[in-house]
Each structure stands twice: as structure tokens, then as C-alpha cells.
Amino acid sequence: MNATIATPKGCTNFKTRQLARLLSRHYDQELAKAGLKTTQYSLLSHVLHQGPVAPGELARRMGLDASTLTRNLQPLLAAGWLVQAAGADARSRLISLTASGRDKHAQALGHWKAAQKSVNATLGVERVAALHALLDDCTDLLSAPSLSP
């Protein structure tokens, strides 16, 4: 028996970005009902679960560069859902969730769950679990020191 080895067809970057755009659109449509974008919900969630956090640490944990984080924080700070306060010394800052930020996150959580359930129903829970495992593996491999610039 001759086993055929599968070879990738097309550009991996294009295919993953295409999937990311489709998923983002799906989640954005649901989270818009709470007045948020997916990126905003993600930021609120990270700050909620990590407590007061330095912007640099938040960017690192989310896999963002500092300028992207700063740009994404601005509407949340302006809305009063997050606050940036002095840290341990004069040069440091901490990002915290406000009471209205907790309320906004709680309001959006049901919409995020609805989007998640819809993706699971459309793709199948087994496929989603396999996708998560594959994405985690690929992230670990691509984050290896030998591939970092």
C-alpha cells in the first residue's frame, strides 16, 4: 500500500487570516449587541482576569505590540470601562477594570457565549477542540526562540 503524504495547498498565512476574519466577523456581530468589538471584549476579559496589570505585561500576555495595545485601550479608557493609574513608581502604570467595565463585560459575556455556541454548532465541538489543539501547538512551535527575530 502506498501512503500519500498531504502537501499544503495555497498560502498558510492567507488561509489562517481568512479564517480569523470569518470568526471575527461572527463574534463581532454578536458582541455588537452589547456595544463592543471582539478586540474590546478580549481586552476587558484579560484585565478582569489578571487584575491591575502593567500595559507592557498585558501586551505580552495578549501577543500584541505596545502601539496596538495603546490604540485598542483608548476607546475603553474613554468609555470609563478601564482606568490607567500610577503603578509602584512614577514611571509605571497599571490598567484596571472599573465598575462600569465589569458591568459591560458581564453584559457582553452572554453574547460571547452565544457566538461560541454558534461556532461550536456550525463546526462541531470535535472540530473546534481539534482546531484549538492545533492552534496551540502551532503557536508554541512558532514562538520557539529559534524562530523569533
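Contact is taken here to mean heavy atoms within 4.5 Å. The structure described is a predicted model. On this criterion, Gln116, Val119, Asn120 and Leu123 of helix 5 meet Val125, Arg127, Val128 and His132 of helix 6. The residues of this contact comprise four nonpolar, three polar and one charged. The axes of helix 5 and helix 6 (residues 125-142) approach within 6 Å and cross at roughly 105 degrees. Because angles of 65 to 115 degrees count as roughly perpendicular, helix 5 and helix 6 are assigned to that class.

Helix 5 also contributes to an aromatic interaction. One aromatic pair is present in the structure. It is formed by Tyr41 and Trp112, whose rings are stacked, with a distance of 6.3 Å centre to centre and 20 degrees between the planes. Tyr41 belongs to helix 2 (residues 38-50) and Trp112 to helix 5 (residues 99-123), so the pair ties together parts that are 71 residues apart in sequence. The two partners fall into separate accessibility classes: Tyr41, at 7% relative accessibility, counts as buried, whereas Trp112, at 29%, counts as partly exposed. The cut-off for burial is under 20% relative accessible area.

The side chains of Ser45 and His105 are joined by a polar contact of 2.8 Å. With a relative accessible area of 13%, Ser45 is buried.

Terms used:
Residues numbered from 1 in each chain as written. Predicted model: local features only at pLDDT ≥ 70, side-chain atom pairs only at ≥ 80, totals over all residues. Heavy atoms only, no water. Phe/Tyr/Trp six-rings, centres within 6.5 Å; stacked < 30°, edge-to-face > 60°. Helix = DSSP H or I, 4+ residues; strand = E, 2+ residues; numbered from the N terminus. Buried < 20%, exposed > 50% of the residue type's maximum accessible area, 1.4 Å probe, protein only. Polar contact = N/O pair within 3.5 Å; in protein donor to acceptor, adjacent residues only side chain to side chain. Axes fitted to C-alpha atoms, helices over the stretch in contact; angles between N-to-C directions. Parallel < 35°, antiparallel > 145°, perpendicular 65-115°, else oblique. Nonpolar A, V, L, I, M, F, W, Y, C, P; charged D, E, K, R; others polar.
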